[in-house]
Every structure is written in C-alpha cells, then in structure tokens.
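Here is a short tour of one protein model, written to be read alongside its sequence and coordinates. Take a look at the structure first, and then let's walk through it together.

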Amino acid sequence: MTAHIGERVLVVSHKATIRLLLSSLLGFDARGYRDRLDQDPACLSVLDFRDPVRVRLMLFNDTSHYTTQLPVTQQSLSKWWDRPAVKS
C-alpha cells in the first residue's frame, strides 16, 4: 500500500477474499465473516486509507450499477440465519 500513496487502487476478487480482507482491515474477528458480511455478486465497496493502518469503510455492497436488482432468496443466505437467536 505504501507504493500507491495518494492513488486509487482497484482490487477485484471473489467475495470471500474481499470479506476476509475487510474483516482484517476493520479489525473484527474474521472467523464468522460469512455471517457478518454478506455481499452481492459484482458489488462495489470503497475503503479510505488515512494511513497504512487506519481505514474507513465508505461504501459497502453497493449494487446501484445493476440494471435490475437481483432477488435475495433464502438459498443465498448463510445457514447461520436459520439458527434461533441466543438470549443473553
């Protein structure tokens, strides 16, 4: 990242890789990334790096460039959502 200070960088990858990267950069436990970060195919996320260690999520899972919205189906959601909520 230090090689591109002040520049815009585009990263294109599979959604699992992007979600793991986001988990790491935003500082939360990546073990449950599939349940915490859901992304649509070909979505756009934007990060703003204040410096190599401080990052801000500016846009997440944007699909406004789609000509039509893809329907969310139960098959596209993680099985984690089918579990009953844990009461604390």
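What share of the contacts in the protein with a separation of 6 or more comes from residues 24 or more positions apart? The share is 27%, where a contact means heavy atoms within 4.5 Å.

A word on the basis: this is a predicted model, in which local features need pLDDT of at least 70, side-chain atom pairs count only at pLDDT 80 or more, and totals for chains, interfaces and linings use all residues. Residues are numbered from 1 along each chain as its sequence is written, and side-chain values use heavy atoms, with hydrogens and water left out.

The protein has two helices and two strands, in the order α-α-β-β from the N terminus. Helices (H or I, at least four residues) and strands (E, at least two) are DSSP runs, numbered from the N terminus.

As for confidence, pLDDT is the predictor's confidence in each residue, from 0 to 100. The protein averages 80, with 76% of its residues at 70 or more.

Of the 88 residues in the protein, 16% are buried, that is, under 20% relative accessible area, with exposed over 50% and partly exposed in between (1.4 Å probe, protein chains only).

Let's end with one residue. Aspartate 51 lies in strand β1 (residues 44–51). Aspartate 51 is partly exposed because its relative accessible area is 28%. Its C-alpha atom is separated by 9.9 Å from that of glycine 6, 45 residues apart along the chain.
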